[in-house]
Protein chains: 2
Amino acid sequence: MTGTERTTTPERTTPPPAAYTPTERTVPTRAAQKASYDRELVHSILDEGYVCHLGFVRDGAPVVLPTLYARVGETLYVHGSTGSRPLRMTGQADPGLPVCLTVTHVDALILARSGFHHSINYRSVVVHGTAHQVTDPDERRIALDALVDHVVPGRSRDSRPANGKEFAATAVIRLDLNEVSAKTRTGGVNDEPEDLTLPHWAGVVPLRKGYEPPIPDPDLAPGTELPDYLKTL
Amino acid sequence: MTGTERTTTPERTTPPPAAYTPTERTVPTRAAQKASYDRELVHSILDEGYVCHLGFVRDGAPVVLPTLYARVGETLYVHGSTGSRPLRMTGQADPGLPVCLTVTHVDALILARSGFHHSINYRSVVVHGTAHQVTDPDERRIALDALVDHVVPGRSRDSRPANGKEFAATAVIRLDLNEVSAKTRTGGVNDEPEDLTLPHWAGVVPLRKGYEPPIPDPDLAPGTELPDYLKTL
């Protein structure tokens, strides 16, 4: 989407910019051509995954933990036990907790003739910002549903919602998408021209993706069929 | 391996302990039953992957970047351009760069009858420590070969080693495995007993793993066959 195209849709009075604004820390010091700030690309990478690596600083040292996330518009939600460290830390300080949230998909191995040009095809998004605890109950409900639906679209409507005790035990933090960049590597092998005659096999090895057939819980209520949204997962 | 077993092998004068020593920051504040310090489990999780998320602190804020890693004994190696941020930062300070290196494998979706008990089967390792630039050329060569072989065992012997220019452009950092923990979730659905009669499908959806068939580079030298180590990848 270009700026020119957006001006032809005047009914959208506040169209979202097509790209995030680069900042000093979202411009890489190298391989800058792999970086992108395109909003649709960022959204597509975020929406394809559901496990992120959340970084924060504790006692001056970095901590990186894997956790589930979901995107709702320009906000990411992460949840956890009210007793877990990052969730407690966002609650302790009004200004919020500085975090870096990173999502990475590995797509293929790139096997070059030279060791140096071995690589990985990948797509990643790095989000810098400040995480805040969500206190509004309505927003927390929306976030919890989104976290389930982000993994399996349609699932939240086909499961029991959190009861009062469960709801109280679950903290939700939000991180707005402002300082964001994507980085991707696609394509094939990039060997040096003089290496092309070397006798080493070179090429691309794509990763397998997707899911194996679902395994029903042994205690499934009689007559419970596999829902359509799982047949097409 | 237990302590008793180790005393029966006196020929190993300095047997490695079977477990890493827990520290304040490797003991989780919740779900402590999922944490393990078992050395073999940690090694198996590290050896199954090759992409980690490396966290460090820059200008007081966390940064989390995906990168390749390899394990050699009790050391992890990460490499990158000498111009990349974490690599430059380890070189700037003699004391090294405090990092947190995390590796996560997602194994299955756990779809419970209640939203609250939805989960993921996963295995992760979190390493806290100080990263140092590797300056010894022999150790750097070993690390670069290990980084290639960690992704595709046997590959370093079937590719051109780095030449002088490539070698000079590649920085290697090391992180020793001292402060380490693993965390895993295995098994099936853990719904509340009173939810078992709900009409929602529940069960386990395993992730597909492995690789698609290798795609040869179009410029492959004539007669170059797919090597055995790729047929069994």
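Which residues line the largest cavity? I began my notes with this, and the conventions I worked under come before the answer.

**Conventions.** I am reading a predicted model, in which local features need pLDDT of at least 70 and side-chain atom pairs count only at pLDDT 80 or more, while totals for chains, interfaces and linings use all residues. Residues are numbered from 1 along each chain as its sequence is written, chains are lettered from A and ligands numbered from 1 in the order in which they are written, and side-chain values use heavy atoms, with hydrogens and water left out.

**Cavity.** I searched the whole structure and found 1 cavity of 30 Å³ or more. A cavity here is a set of points, on a 1 Å grid over the protein atoms alone, where a 1.4 Å probe fits but cannot get out, and its lining residues have an atom within 4 Å of a point. Grid points are joined across faces, edges and corners, and the volume is the space filled by probe spheres set on the points. The largest cavity holds about 30 Å³, and I list its lining as L54(B), L76(B), V78(B), V99(B), L101(B), A131(B), I173(B), R174(B) and L175(B). The elements giving two or more residues to that lining are β4 (75–81), β5 (97–111) and β7 (170–176) of chain B, with β7(B) giving the most, 3 residues. Strands are DSSP runs of E with at least two residues, helices runs of H or I with at least four, both numbered from the N terminus.

**G80(B).** I then looked at G80(B), which lies in strand β4 of chain B and is buried at a relative accessible area of 18%; buried means under 20%, exposed over 50%, and partly exposed in between (1.4 Å probe, protein chains only). Not counting residues up to four places away in sequence, G80(B) touches L87(B), A169(B), T170(B) and A171(B), where contact means heavy atoms within 4.5 Å. I also noted that the C-alpha atoms of G80(B) and H200(B), 120 residues apart along the chain, are separated by 48 Å.

**Cysteines.** I counted 0 disulfides over all chains, a disulfide being a pair of cysteine sulfur atoms within 2.5 Å. The sulfur of C100(B) is 10 Å from the closest cysteine sulfur, in C52(B), too far for a bond. Both residues are buried, C52(B) at 0% relative accessibility and C100(B) with a relative accessible area of 0%.

Chain A has 6 helices and 10 strands, and 52% of its 233 residues count as buried. Its average pLDDT, the predictor's confidence in each residue from 0 to 100, is 90, with 91% of residues scoring at least 70. Over residues 1–10 of chain A, however, the pLDDT is below 50. Where pLDDT is low, the predicted coordinates should not be read in detail.

Key: On a 1 Å grid over the protein atoms alone, a cavity is a set of points where a 1.4 Å probe fits but cannot get out, and a pocket is an open set with protein on both sides within 12 Å along at least five of seven lines; lining residues have an atom within 4 Å of a point.
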